[in-house]
Amino acid sequence: MSDGVRCMWMRGGTSKGGYFLADELPADRDAFLMRVMGSPDTRQIDGMGGADPLTSKVAVVKRSARAGVDLDYLFLQVSVDQPMVSDGQNCGNILAGVAPFSIERGLIAAQDGQTRVTIYMENTGQTAIATVQTPGGLPSYLGVASIDGVPGTAAPVPLEFVGTAGSTCGALLPTGNPRDQVEGVDVTLIDNGMPVVLLRAADLGVTGTESREELEGNAMLKSRLESIRLACGPQMNLGAVADKTIPKMTLVGAPNQGGVIATRTFIPHRCHASIGVLGAVSVATACLLPGSVTEGLAQVPDGSQKLMPIEHPIGETSIIAQVSDTGEVTSAAVLRTARKLMDGLVFA
């Protein structure tokens, strides 16, 4: 198309992508977004994508008509090397940029100091609350908060998640069990915001402390993980998942950096540089379940409010879990940051 479409490019958490207003996207949305990103092409050389799933993401935002909700947010994953745009999952990292983007676009009237924004995540019907620093009624991206996987510091964007259990699979434990066996391997199938299959790294012949590059180069491991993933799809009420980006596959091992547990996550075919926000929530929840594959590995702190650093290849993502007297996770929060990178027109 010769006319550009208004777009803001932002880093949200440890991801990066394009943020659009819903009513400004063309009717051929998916084709347009693939052209914008330069997909399918492993380099994405003819588009804005960064040749990595973490930098080939899109947020579509609009004012919400729902009671008690400010914004509706649809996350879209644009495949790098396949002609595919998926809405089958949330992205908690890109979520971190939704509130400041919406204030910049005039969808939200900011308060002086900080502004709490309630966001409905269309992909799975969940609601999150983002708190944005807004001195003088404008978003500030400068601050002292730091997150692993992002150099430097920025303004904090705390994200609170409530009622995420079973948002995609219909139940926190879609099989009803904290542990199942699939193709001879013990797994925990869980959905507390993101459908995840947890497996002990040792059961797959690795330690769970390998680098992202080492794991991506392990063809036998990747083949085995995909075979298990395809088998888990129907058991998680996801149906056939060959062409889906869920469930995520997370290898777990004993922590070695002072956290609760060590993870290596495939999303689903490439190893994540860190871990997704909602994936980390699901992993943290599994660590609190007696009988899950994390039992004997996880180092869980005491108390009803638990700070749970989830280790990943480039550091950790800390989840703050609130646990009831019966052991149920009633809410989870995570600290993210965001930064505006570019505002203008993008062409396809």
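This is a predicted model: local features need pLDDT of at least 70, side-chain atom pairs count only at pLDDT 80 or more; totals for chains, interfaces and linings use all residues.
1. The nonpolar core. The largest nonpolar core of the model comprises 83 residues. Within this core, the residues with the most contacts are Tyr-73, Ile-119, Phe-161, Leu-199, Leu-251 and Ile-261. The element that gives the most to this core is helix H6 (residues 277–287), with eight residues. A second, separate core has 17 residues, among them Val-5, Leu-25, Val-58 and Leu-76. As a general remark, nonpolar side chains in soluble globular proteins tend to be buried together.

2. Strand S13. How many residues of strand S13 (residues 261–266) are buried? Six of the six are buried, so the strand is largely enclosed by the rest of the structure. In a regular strand the side chains alternate between the two faces of the sheet. Both faces of S13 are covered: Ile-261, Thr-263 and Thr-265 are buried on one side, and Ala-262, Arg-264 and Phe-266 are buried on the other.

3. The neighbours of S13. Strand S12 (residues 248–253) runs antiparallel to S13 and is joined to it by five bridges. Leu-251 has Arg-264 in S13 as its bridge partner. Strand S14 (residues 305–312) runs parallel to S13, and two bridges join them. Here the bridge partner of Ile-261 is Ile-310 in S14. Leu-251 and Ile-261 are both listed among the residues with the most contacts inside the largest nonpolar core.

4. The β-α-β unit. S13, H6 and S14 together make a right-handed β-α-β unit. In helix H6, 11 of the 11 residues are buried, so the helix is largely enclosed by the rest of the structure. The buried residues of H6 include Val-277, Leu-278, Val-281 and Val-283, as well as Ser-282 and Thr-285. In S14, six of the eight residues are buried, so this strand too is largely enclosed by the rest of the structure.

5. S14 and strand S15 (residues 315–323) pair in the antiparallel sense over eight bridges. The two strands form a hairpin, with two residues between them.

6. Aromatic pairs. A search of the whole structure finds two aromatic pairs. Tyr-19 and Phe-101 form a tilted pair, with 5.7 Å from centre to centre and 45 degrees between the planes. Tyr-19 belongs to strand S2 (residues 15–21) and Phe-101 to helix H3 (residues 98–104), so the pair ties together parts that are 82 residues apart in sequence. Both Tyr-19 and Phe-101 are buried. In the other pair, the ring centres of Phe-20 and Phe-32 are 6.1 Å apart and the planes stand at 75 degrees, so the pair is edge-to-face. Phe-20 lies in strand S2 and Phe-32 in helix H1 (residues 29–37), so this pair ties together parts that are 12 residues apart in sequence. Phe-20 counts as buried at 1% relative accessibility, and Phe-32 counts as buried at 3%.

7. Cis peptide bonds. Ser-39 and Pro-40 are joined by a cis peptide bond, with omega about 0 degrees. Pro-40 has its place in the loop between H1 and strand S3 (57–63). Another cis peptide bond joins Ile-246 and Pro-247, again with omega about 0 degrees. Pro-247 lies in the loop between helix H5 (219–235) and S12.

8. Positive phi values. Where does Ala-51 lie? Ala-51 is in the loop between H1 and S3. Phi of Ala-51 is near 65 degrees, a positive value in a residue other than glycine. Ala-51 is partly exposed, with a relative accessible area of 26%. Glu-183 lies in the loop between strand S9 (180–182) and strand S10 (185–191). Phi of Glu-183 is near 50 degrees, likewise a positive value in a residue other than glycine. At 39% relative accessibility, Glu-183 counts as partly exposed.

Note on methods
Residues are numbered from 1 along each chain as its sequence is written. Side-chain values use heavy atoms; hydrogens and water are left out. A nonpolar core is a set of buried Ala, Val, Leu, Ile, Met, Phe, Trp, Tyr and Cys residues joined through side-chain atoms within 4.5 Å. Buried means under 20% relative accessible area, exposed over 50%, partly exposed in between (1.4 Å probe, protein chains only). Helices (H or I, at least four residues) and strands (E, at least two) are DSSP runs, numbered from the N terminus. Rings of Phe, Tyr and Trp (its six-membered ring) pair if their centres lie within 6.5 Å; planes under 30 degrees apart count as stacked, over 60 as edge-to-face and the rest as tilted. Two strands pair if DSSP finds at least two bridges between them. A crossover is right-handed if, with the strands pointing away from the viewer, the path from the first strand over the helix to the second runs clockwise.
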